[in-house]
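Please open the model in your viewer and keep a selection tool at hand. The stops below proceed one selection at a time, each followed by what is to be found there.

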Amino acid sequence: MALEQEVKVYQSQLAYGEMLLEGLAADKAFELICDGGVNPAWIMGHLGLVANNITAMAGGQPKIDVEQWKPLFGGGTTPATDASAYPAWDELVSVWKQGHADVADAIPSISEEVLSGENPIELLRPILMTTHDFLSFALTAHESMHMGQLSTWRRVQGQPPLF
Amino acid sequence: MIDSLLHLYEDNLGYARRLVDDLTPEQMTAQPGTGAAVNHAAWVLGHLALVAHVNGASYLLGLDVAPESSVLGPDDFGGGSTPKPDAALYPDKDKLLGLLASGHARVAEALARRTAGELDQPTPHPGLAARFPRFGGALTHVLVRHEMLHLGQLSAWRRVQGLPSV
């Protein structure tokens, strides 16, 4: 199966993310620790949105209103600290977790023809030419980069390393 | 899969360069926040170079340890080591970037010689095999996911210090 190993890595990010989020209170999740930074709420929303977009790309049904989430969590959007402007923290985490299961189910149904075709995200096409390139990046590097941001968000506030 | 891995691995190196390009020697070991031992740029570059040269990617691909990597002590850069806010304790930025780049080059060359069939074989590393039974998964974890996790840490670390996004 195409992208089988990438999906394996994607699923393993779920366990690490859960470790990073353990004990995090809902109100704390919207806290920004610097200008231009991101908070756990934005990271979860962003990764949940990406997962739903991938599911839709594979012909599946998104579990969220993607058009409503885009202005809140799309790439390049700026997180706000006002939690009332966002879905509830529990929902953000739930969408992210469900997104992992949905993506794992959806990937095998993407045809080789689609995978080798042009990346539907025009902005990323210069560096990720095909759909396969995009998915490979999204399942591995992209989610991991945001997990790293979450890790630093914890650590600068004095929380201990996980390893 | 090999082409995709090589592409993402190369992109990681470019991203690492951009993340540290504008840093002064003092900024390389800054630990902003409440005094916790946050992973700073010198530690991250050294850690990733160590993984590329010695105990991660090179090990998986069966490469010898490069003599130039002897400055990357596991006590300073190994997993679980504690980054210290003292630039004098670390090789400078150019040296660390050079080590990371040479590690990447060795790993990329070795990976390019592998076949897709080999990446479908069992992972030759007991610790990783439990999570990634296939060699391709283990390599994706070490080359792409692990590197990008630390680069994401650096991305946020920059913003905490008021440095611009790259």
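Begin by selecting B:R106, which, leaving aside neighbours within four places in sequence, is in contact with B:S58, B:L63 and B:A66, two residues being in contact if their C-beta atoms, placed from the backbone, lie within 7 Å. Before going further, note that this is a predicted model, in which local features need pLDDT of at least 70 and side-chain atom pairs count only at pLDDT 80 or more, while totals for chains, interfaces and linings use all residues. Residues are numbered from 1 along each chain as its sequence is written, and chains are lettered from A and ligands numbered from 1 in the order in which they are written.

B:R106 lies in helix α5 of chain B; helices here are DSSP runs of H or I of at least four residues, strands are runs of E of at least two, and both are numbered from the N terminus. With 19 other C-beta atoms within 10 Å, B:R106 is partly exposed, on a scale where a residue is buried if 20 or more other C-beta atoms lie within 10 Å of its own, exposed if 12 or fewer, and partly exposed in between, with C-beta atoms placed from the backbone. If you draw a distance from B:R106 to B:T29, 77 residues apart in sequence, the C-alpha atoms are 27 Å apart.

Next, select helix α1 (residues 2-20) of chain B together with helix α5 (residues 93-112) of chain B, whose axes come within 11 Å and cross at roughly 175°; axes are lines fitted to C-alpha atoms, for helices over the stretch in contact, and angles run from 0 to 180 degrees between N-to-C directions. That crossing makes α1(B) roughly antiparallel to α5(B), since angles over 145 degrees count as roughly antiparallel, those under 35 as roughly parallel, 65 to 115 as roughly perpendicular and the rest as oblique. Among the residues that meet are B:L5, B:Y9 and B:L13 in α1(B) and B:L97, B:H104 and B:L111 in α5(B). The residues of this contact of α1(B) with α5(B) divide into 13 nonpolar, 1 polar and 2 charged, where Ala, Val, Leu, Ile, Met, Phe, Trp, Tyr, Cys and Pro count as nonpolar, Asp, Glu, Lys and Arg as charged, and the others, Gly among them, as polar.

Follow chain B back to the loop between α4 (74-77) and α5, where B:L89 is found. B:L89 is exposed, with 12 other C-beta atoms within 10 Å, and its C-alpha atom is separated by 8.8 Å from that of B:D76, 13 residues apart along the chain.

Now select helix α2 (residues 41-55) and helix α8 (residues 135-160) of chain B, whose axes come within 10 Å and cross at roughly 175°, which makes α2(B) roughly antiparallel to α8(B). The contact includes B:V44, B:H47 and B:V51 of α2(B) and B:V142, B:H146 and B:H150 of α8(B), and its residues divide into 6 nonpolar, 4 polar and 1 charged. α2(B) is mostly covered, with 14 of its 15 residues buried.

Colour the two chains separately to look at where they meet: 29 residues of chain A are in contact with 32 residues of chain B. On the side of chain A that touches chain B, α6(A) gives the most, with 16 residues, and the residues of that side divide into 10 nonpolar, 15 polar and 4 charged.

Stay with helix α6 (residues 131-155) of chain A, whose 25 residues should span 36 Å at 1.5 Å a residue, and whose end C-alpha atoms are 35 Å apart, which agrees; the expected span is 1.5 Å times one less than the number of residues. Zoom in on A:A138, where a kink of about 45° in α6(A) is centred, the bend at a residue being the angle between axes fitted to the seven residues ending there and the seven starting there. Because 25 of the 25 residues of α6(A) are buried, this helix is largely enclosed by the rest of the structure.

Move to A:H46, in helix α2 (residues 40-57) of chain A, which counts as buried with 23 C-beta neighbours inside 10 Å. Not counting residues up to four places away in sequence, A:H46 touches A:F73 and A:H146.

Finish at A:L3, in the segment before α1 of chain A, which has a positive phi of about 65° although it is not a glycine. A:L3 is buried, with 21 other C-beta atoms within 10 Å.
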